[in-house]
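Subject: Structure handover

Hello,

I am passing on the structure we talked about. Please look through it first, then read the notes below.

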Amino acid sequence: QVGEAFVKYYYQTFDSNRSNLASLYRSNSMLTFEGEPFMDVSNIINKLVSLPFQKVLHQPVTIDTQPINHAQPNGIAVF
């Protein structure tokens, strides 16, 4: 349920205002887009807001989650 709620929030926000995703990233976060890595909040958000398309609609069909308690207590990884 948490993974589904996260995915719904993330993609609705991505589709409407990508800059509002900043609170979901940390200074050690990494995003790889088309093979190019982006590390830390500002670099990730700059990449997301500079994407050439303005409108997109995500419709996730399958959401897989895994617990990651060793790295973050009560954390999950969403794929």
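Is Tyr10 buried or exposed? Tyr10 is buried, because its relative accessible area is 12% and the cut-off for buried is under 20%. Please keep in mind that this is a predicted model.

The notes are about aromatic rings. Searching the whole structure gives three aromatic pairs. In one of them, Tyr10 is paired with Tyr11 in an edge-to-face arrangement, with 5.2 Å from centre to centre and 80° between the planes. Tyr11 has a relative accessibility of 30%, so this residue counts as partly exposed.

Tyr10 also pairs with Phe14. Here the rings are stacked, with their centres 6.4 Å apart and an angle of 25° between the planes. Both Tyr10 and Phe14 belong to helix H1, which covers residues 2–16. They are four residues apart in H1, and that is about one turn of the helix. Phe14 is counted as buried, because its relative accessibility is 8%.

Which residues make up the aromatic cluster? Phe6, Tyr10, Tyr11 and Phe14 form one cluster.

Phe14 has a charged neighbour as well: the charged end of Arg18 sits over the Phe14 ring, 5.1 Å from the ring's centre.

Regards

How values were computed:
Residues are numbered from 1 along each chain as its sequence is written. This is a predicted model: local features need pLDDT of at least 70, side-chain atom pairs count only at pLDDT 80 or more; totals for chains, interfaces and linings use all residues. Side-chain values use heavy atoms; hydrogens and water are left out. Rings of Phe, Tyr and Trp (its six-membered ring) pair if their centres lie within 6.5 Å; planes under 30 degrees apart count as stacked, over 60 as edge-to-face and the rest as tilted. Buried means under 20% relative accessible area, exposed over 50%, partly exposed in between (1.4 Å probe, protein chains only). Helices (H or I, at least four residues) and strands (E, at least two) are DSSP runs, numbered from the N terminus. A charge sits over a ring if NZ of Lys or CZ of Arg is within 6 Å of the ring centre and within 35 degrees of the ring normal.
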